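Here's a look at charged side chains and where they pair up. Have the sequence and the model open as you read.

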Amino acid sequence: MDTPASLALLLQALEAGDLRAARAAAAELQRTRQGSTQLAAEVLHELRQPLLGVKAYTQMLTEEIGSRGALRQMLAQVERMEQIISDFTRLASERPAPQQVVSLVAHVQAATRAFALNPDSARIHLEVDVREELTVNGNGRLLEQLALNLLNNARDAVTGPGLVKVVLTHEDRAPVMYVADWGRGIPDAVLPRLFEPYVTGSKRGTGLGLAVCRRIAREHHAQLEIVPPAVLSLQPAPTTVFRVRFPPPESTPTPLPAPAPLAPAPASVRRRLLVVDDEEIIRSVFKDLMSRECEVLEAAHAEEALALLERGRVDLILTDKNLPGLSGLELARRARQLDPHSRVILMTGYPSLVTAQEALELGLLDYLLKPFDDIREVRVRLREALTGAAPRPRGLRPGNRRVDVLEDNPVSARRLTEALALLGLEARVLTTAPAEPTAESPVEPPAAVVVSWDFAAAHGRQALALARRLGQGAPFVVLAEYLSQETMLESLRAGASGCLPRELETPELSRELSRLLHIT
């Protein structure tokens with residue numbers, strides 16, 4: 001292999017002892033490397049669009065004719081390509097992902113569901129031994145990717161039918177995940193360099209999966225290693241055992257399980273769905289996915305979509321974020337100007353905290369991340385959005401100045417009380433989950449609700465559900481110790497009016513509450 005020019009210049013400068021030239025050559029080598037990596041990541045990202053189309057149609061075909069051999073193999077290869085893209089993009093990323101206290105068990109279980117979707121996993125008997133609830137400070141999506149990569153690695157190590165086992169437990173207060181397989185083992189020549197990119201002992205793998213696992217583990221201050229099979233006391237003993245040991249968590253509340261989703265209501269009339277995406281294959285996927293349930297309109301850009309909206313009613317707008325010309329978010333704003341009750345779902349392959357916050361404050365119904373794991377799950381979300389209730393109100397409920405505050409942090413509760421007082425509102429601070437009102441002692445609904453995501457009595461999603469119940473249709477704002485994309489998306493899907501950081505001082509907190517609750 002030829003030596004890259006920038007590397008050759010660096011070597012020549014070092015041999016000549018020219019420190020200034022060596023520094024210049026090193027800087028040029030770094031720029032070249034970053035540029036090449038970024039270009040590769042962007043090219044791979046663009047491949048996700050056609051892959052999404054192929055995968056979606058394959059999944060729809062399995063509904064019609066069953067998961068036959070050819071379809072099963074096609075889906076497996078598409079998901080393999082998606083995994084390669086995801087792994088490379090993660091390795092190329094230099095930005096740490098936001099973290100918060102999450103359930104390790106819930107995200108590992110999500111990874112096992114994704115693992116089962118791959119047809120090649122059908123030959124594997126997967127056992128998951130959860131010995132206790134585990135919480136870690138981390139990023140949910142990355143934890144799922146870590147677990148899924150280890151599961152895929154274990155599956156690829158097994159020839160034919162076989163067993164893979166996951167064990168989740170504590171060791172000296174530290175949450176620990178084991179992934180064991182009874183495959184052919186790791187060659188001695190590969191073992192010292194196992195976690196380096198493109199190093200693999202499997203003919204199936206790319207050599208990226210374990211490198212990504214190490215990257216994610218380091219971001220979580222966790223230790224990823226191969227341990228002796230005897231540590232699990234399994235009979236027969238596994239061939240290979242990976243262990244991920246997380247740092248012991250601080251004293252934090254354990255997230256409660258998410259409530260079961262409600263069954264979608266049947267549509268009584270034929271509704272209209274507008275799909276806006278500059279990729280024809282994506283529009284085609286949604287037309288074929290939803291045309292039996294509703295009328296599907298298509299637009300390649302926001303301007304075309306706005307022209308359709310001006311000509312007639314649309315029940316739901318599904319738009320990509322990155323459109324030529326006006327963005328999907330700007331389309332949502334203009335659609336709201338035409339019809340304040342417009343329902344909008346945003347799709348993006350470039351998720352970010354800022355975009356999620358904009359979508360939340362615009363009152364969008366959902367925020368879908370490309371590529372979709374299962375197009376049939378997306379259909380369920382669209383069906384619910386088409387037949388669900390109208391978007392929640394954004395302003396204060398009239399005729400009442402009381403705001404219920406679900407917050408058990410005394411410092412934060414005091415700041416909220418002071419911030420609401422500046423707006424002429426009265427805070428009723430609740431430090432425990434209130435009981436259901438009875439007919440004998442009805443409670444007048446509040447004008448609005450402020451709920452802490454970290455409310456110990458009902459953490460995370462449970463806190464959002466409690467705010468909805470307590471508000472009885474009033475708008476609510478979420479307060480979080482640490483703003484993350486997960487917090488934003490869960491707040492958006494629950495119908496919140498906004499999400500604010502907990503540490504805001506009283507004047508700024510008052511201004512933000514006034515803006516989000518439309519107080520004039």
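This is a predicted model: local features need pLDDT of at least 70, side-chain atom pairs count only at pLDDT 80 or more; totals for chains, interfaces and linings use all residues.

Buried, as used here, means under 20% relative accessible area, while exposed means over 50% and partly exposed covers what's in between (1.4 Å probe, protein chains only). Residues are numbered from 1 along each chain as its sequence is written, and side-chain values use heavy atoms, with hydrogens and water left out.

Where does K370 sit? You'll find K370 in the loop between β12 (366–369) and α11 (375–387). Helices (H or I, at least four residues) and strands (E, at least two) are DSSP runs, numbered from the N terminus. The K370 side chain makes a polar contact with the side chain of D277 at 2.9 Å, and another with the side chain of D320 at 3.1 Å. A polar contact is a pair of N or O atoms within 3.5 Å; within protein, one must be able to donate a hydrogen and the other to accept it, and residues adjacent in sequence count only if both atoms are side-chain atoms.

On to salt bridges, meaning a side-chain nitrogen of Lys or Arg within 4 Å of a carboxyl oxygen of Asp or Glu. Side chains of opposite charge can pair when their charged atoms come close. How many salt bridges does the structure hold? The count is 30, and here are some of them.

| Salt bridge | N to O distance |
|---|---|
| R215 and E219 | 3.8 Å |
| E330 and R333 | 3.3 Å |
| E407 and R502 | 2.6 Å |

What ties E407 to R502 in terms of sequence? E407 lies in the loop between β13 (402–406) and α12 (410–422), and R502 in the loop between β17 (498–501) and α15 (506–516), so this pair ties together parts that are 95 residues apart in sequence. E407 is buried at 0% relative accessibility, and R502 is buried too, at 10%.

The other two pairs each stay within a helix. R215 and E219 share helix α6 (residues 209–219), 4 residues apart, or about one turn. R215 is partly exposed at 22%, whereas E219 is buried at 15%. E330 and R333 are both in helix α9 (residues 328–338), 3 residues apart, again about one turn. Here E330 is partly exposed at 22%, and R333 is partly exposed at 31%.

Finally, D120, R123, R155 and D156 are linked in a network of salt bridges.
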